[in-house]
Amino acid sequence: MRILVVEDDSDLRRQLADVLSQSGYAVDLAADGEDGHFLGDTEPYDAVILDLGLPKMDGVSVLKKWRADGKSFPVLILTARDSWSEKVAGFDAGADDYLTKPFITEELLARLRALLRRAAGHSAATLEAGKLVVDTRAARASVNGEPVKLTAHEYRVLSYLMHHMGRVVPRTELVEHIYDQDFDRDSNTIEVFIGRLRRKIGTNRIQTERGLGYRLVVPDAEARVAG
């Protein structure tokens with residue numbers, strides 16, 4: 001899943017980038033409202049963490065522009081402004097959640113996971129597809145109770161497919177959502193990650209829809225047992 005962080009405090013921006021990367025996300029950064037608005041307007045993010053007190057363009061204005069342009073990604077406002085009127089202004093502008101500074105990192109991550117789940121139509125922190133389970137809290141996967149060792153990019157691919165289980169996900173969409181902006185993207189590596197995942201979680205869990213993309217499914221045998 002790919003996250004945009006718009007924060008003018010350089011230390012906090014780096015801290016958020018490190019924490020999010022360690023939690024399995026691809027992360028892009030912006031230091032002011034203008035850059036943040038441009039990235040959100042031109043790149044396909046799964047969620048945005050947005051400060052309000054930004055140089056060049058304040059966070060509420062950025063959010064209003066995104067929503068006016070039809071951008072529907074979840075937005076978590078992270079700010080030192082904690083008055084009720086500013087919270088109301090943030091929600092009215094289109095925010096999905098609001099967290100004030102100083103904050104607990106675990107709470108930020110939990111709120112972000114909740115936003116991502118709701119956006120994809122899930123309610124639980126643990127995503128299940130038959131005997132395949134992805135724990136989004138720990139960024140871990142298991143099959144039939146046995147842990148599956150994944151690289152960071154393998155986990156991102158699997159997590160994205162799990163969040164969108166049953167839907168055909170084009171290769172270009174995977175590329176856009178598992179790499180950050182500065183990464184040298186190569187769509188051919190997606191096939192490599194898919195091949196590795198199949199060897200680790202079972203060859204019949206990820207279907208290739210030729211010319212369209214990939215679909216994560218529950219194998220027939222496991223679906224019959226569940227039924």
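Me: In which sense do strand 1 and strand 3 pair, and over how many bridges?

Reply: The model is a predicted one. Within it, Ile3 stands opposite Ala47 in strand 3. Strand 1 and strand 3 pair in the parallel sense, and the number of bridges is 4.

Me: Which residue of strand 2 is the bridge partner of Ile3?

Reply: Strand 1, residues 2-6, is joined to strand 2 by 5 bridges, and the two run parallel. In strand 2, the bridge partner of Ile3 is Val27.

Me: Which residues of strand 3 are buried on one side, and which on the other?

Reply: In a regular strand the side chains alternate between the two faces of the sheet. Strand 3 spans residues 47-50, and both of its faces are covered. The buried residues are Ala47 and Ile49 on one side and, on the other, Val48 and Leu50.

Me: Which residue in strand 4 is the bridge partner of Leu50?

Reply: Leu50 lies in strand 3. Strand 3 is joined by 3 bridges to strand 4, residues 75-79, and these two strands run parallel. The bridge partner of Leu50 in strand 4 is Ile77.

Me: Is Leu50 buried or exposed, and what is its relative accessible area?

Reply: Leaving aside residues up to four places away in sequence, Leu50 touches Val6, Gly59, Val62, Leu63, Trp66, Val75, Leu76, Ile77 and Leu78. A residue counts as buried under 20% relative accessible area. Leu50 is therefore buried, its value being 0%.

Me: How far apart in space are Leu50 and Leu63, C-alpha to C-alpha?

Reply: Leu63 is among the residues that Leu50 touches. In sequence the two are 13 residues apart. From C-alpha to C-alpha, the distance between Leu50 and Leu63 is 8.5 Å.

Me: Lys56 is not a glycine; what is its phi?

Reply: Lys56 lies in the loop between strand 3 and helix 3, the latter being residues 59-68. Lys56 has a relative accessible area of 62%, so it is exposed. The phi of Lys56 is positive, at about 75°.

Me: Where does Asn144 lie, and what is its phi?

Reply: Asn144 is placed in the loop between strand 8 (140-143) and strand 9 (146-148). With a relative accessible area of 54%, Asn144 is exposed. Although Asn144 is not a glycine, its phi is positive, at about 55°.

Me: What is the omega of the cis peptide bond that joins Lys101 and Pro102?

Reply: Pro102 is found in the loop between strand 5 (97-100) and helix 5 (105-119). The bond joining Lys101 to Pro102 is cis, with an omega of about -10°.

Me: What is the radius of gyration of the chain, and what does the globule rule give for 227 residues?

Reply: The chain has 9 helices and 11 strands. It is as compact as a globular protein of that length, because its radius of gyration is close to the value from the globule rule.

Me: What percentage of the 227 residues of the chain count as buried?

Reply: The accessible surface of the chain comes to about 11,000 Å², and 47% of this belongs to carbon and sulfur atoms. Of the contacts with a separation of 6 or more, 58% are between residues 24 or more positions apart. The percentage of residues that count as buried is 46%.

Terms used: Residues are numbered from 1 along each chain as its sequence is written. This is a predicted model: local features need pLDDT of at least 70, side-chain atom pairs count only at pLDDT 80 or more; totals for chains, interfaces and linings use all residues. Side-chain values use heavy atoms; hydrogens and water are left out. The radius of gyration is taken over C-alpha atoms; the globule rule is 2.2 Å times the number of residues to the power 0.38. Buried means under 20% relative accessible area, exposed over 50%, partly exposed in between (1.4 Å probe, protein chains only). Contact means heavy atoms within 4.5 Å. Accessible areas come from the Shrake-Rupley method with a 1.4 Å probe; for residues, only the protein chains shown count as cover. Two strands pair if DSSP finds at least two bridges between them.
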